[in-house]
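The following exercises are to be worked through with the sequence and the coordinates at hand. Each task is followed by a solution in steps.

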Amino acid sequence: MIDKDCIFCLIAGGDIPSDTVYEDDEFRVILDLNPATRGHALILPKQHYADLFEIDEEVLAKLAVLAKKIAGAMKESLACDGINIIQNNGAAAGQSVRHFHLHIIPRYENDGQKMLWIPRESDPEVQKTLVEAIRAAL
Ligand code: 5GP
Ligand code: ZN
């Protein structure tokens, strides 16, 4: 399904121009308009899925392989020191565009970005409850 009101559907389909680094029948990989770092890219499926909960599993599997390919090309071409792969689901997690996309963010020593979380203490009893809850939902 393509949603004509979705900006990433329009970009992925080529109706809106973008800085495309890769395209095939199912995906387009573009540079982010407001990059976190030099070379920050987004993998967009051409079909519309709002988030991880909606995306087709076969598409997701192909997307993972493509992410590895793009990350490898960045490592080779951009002389980056590391790469973050981030995928946001829901406003609380920072998702601003409701069309599934994977961020591939090259990292450079001292690039001034902060993308990691603040680690907190864990409580063994709470961890046990969490394990039980998640396992029961699988
Ligand atoms: P999210 O916050 O949903 O995980 O990420 C959305 C990303 O899309 C942001 O990094 C934002 O800069 C990028 N973005 C939003 N609109 C456009 C656009 O029209 N073109 C491109 N290339 N990137 C966009
Ligand atoms: Zn869309």
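**Exercise 1. The ligand site**

Which pocket is the space taken by ligand 1? Describe the surroundings of the ligand in this predicted model.

*Solution.* 

Step 1. The space that ligand 1 takes is the largest pocket.

Step 2. The shell consists of 16 residues around ligand 1, and the closest are D32, N88, G94, S96 and H103.

Step 3. By class, the shell residues divide into 8 nonpolar, 7 polar and 1 charged.

Step 4. Turning to the secondary structure, α1 (7–12) and β2 (27–31) each contribute at least two residues to the shell. The element that gives the most is α1, with 3 residues.

**Exercise 2. The chain as a whole**

Give the order of the secondary-structure elements, the extent of the C-alpha trace and the buried share of the residues.

*Solution.* 

Step 1. The chain has 3 helices and 5 strands. Read from the N terminus, they follow the order α-β-β-β-α-β-β-α.

Step 2. The C-alpha trace spans about 50 × 40 × 25 Å along its principal axes.

Step 3. The chain has 138 residues, and 34% of them count as buried.

**Exercise 3. A histidine in a loop**

Is H99 buried or exposed? Locate the residue and list polar contacts of its side chain.

*Solution.* 

Step 1. H99 is in the loop between β4 and β5.

Step 2. The relative accessible area of H99 is 0%, which is under the 20% cut-off, so the residue counts as buried.

Step 3. The side chain of H99 reaches the backbone oxygen of P45 at 2.9 Å. A further polar contact, of 3.4 Å, joins the side chains of H99 and H48.

**Exercise 4. Positive phi and exposed loop positions**

*Solution.* 

Step 1. A79 has a phi near 55°, a positive value in a residue other than glycine. A79 is placed in the loop between α2 (57–78) and β4 (82–86).

Step 2. Because its relative accessible area of 59% is over 50%, A79 counts as exposed.

Step 3. N110 is not a glycine, yet its phi is positive, at about 60°. This residue is in the loop between β5 (102–107) and α3 (124–137), and N110 is exposed, with a relative accessible area of 80%.

Step 4. L33 is in the loop between β2 and β3 (41–45). With a relative accessibility of 78%, L33 counts as exposed.

Step 5. The C-alpha atoms of L33 and S18 are 8.7 Å apart in space, while the two residues are 15 residues apart in sequence.

Conventions:
Residues are numbered from 1 along each chain as its sequence is written. Chains are lettered from A and ligands numbered from 1 in the order in which they are written. This is a predicted model: local features need pLDDT of at least 70, side-chain atom pairs count only at pLDDT 80 or more; totals for chains, interfaces and linings use all residues. Side-chain values use heavy atoms; hydrogens and water are left out. A residue is near a molecule or strand if one of its heavy atoms lies within 4 Å of it. On a 1 Å grid over the protein atoms alone, a cavity is a set of points where a 1.4 Å probe fits but cannot get out, and a pocket is an open set with protein on both sides within 12 Å along at least five of seven lines; lining residues have an atom within 4 Å of a point. A molecule sits in a cavity or pocket if more than half of its atoms lie within 2 Å of its grid points. Helices (H or I, at least four residues) and strands (E, at least two) are DSSP runs, numbered from the N terminus. Ala, Val, Leu, Ile, Met, Phe, Trp, Tyr, Cys and Pro count as nonpolar, Asp, Glu, Lys and Arg as charged, and the others, Gly among them, as polar. Buried means under 20% relative accessible area, exposed over 50%, partly exposed in between (1.4 Å probe, protein chains only). A polar contact is a pair of N or O atoms within 3.5 Å; within protein, one must be able to donate a hydrogen and the other to accept it, and residues adjacent in sequence count only if both atoms are side-chain atoms.
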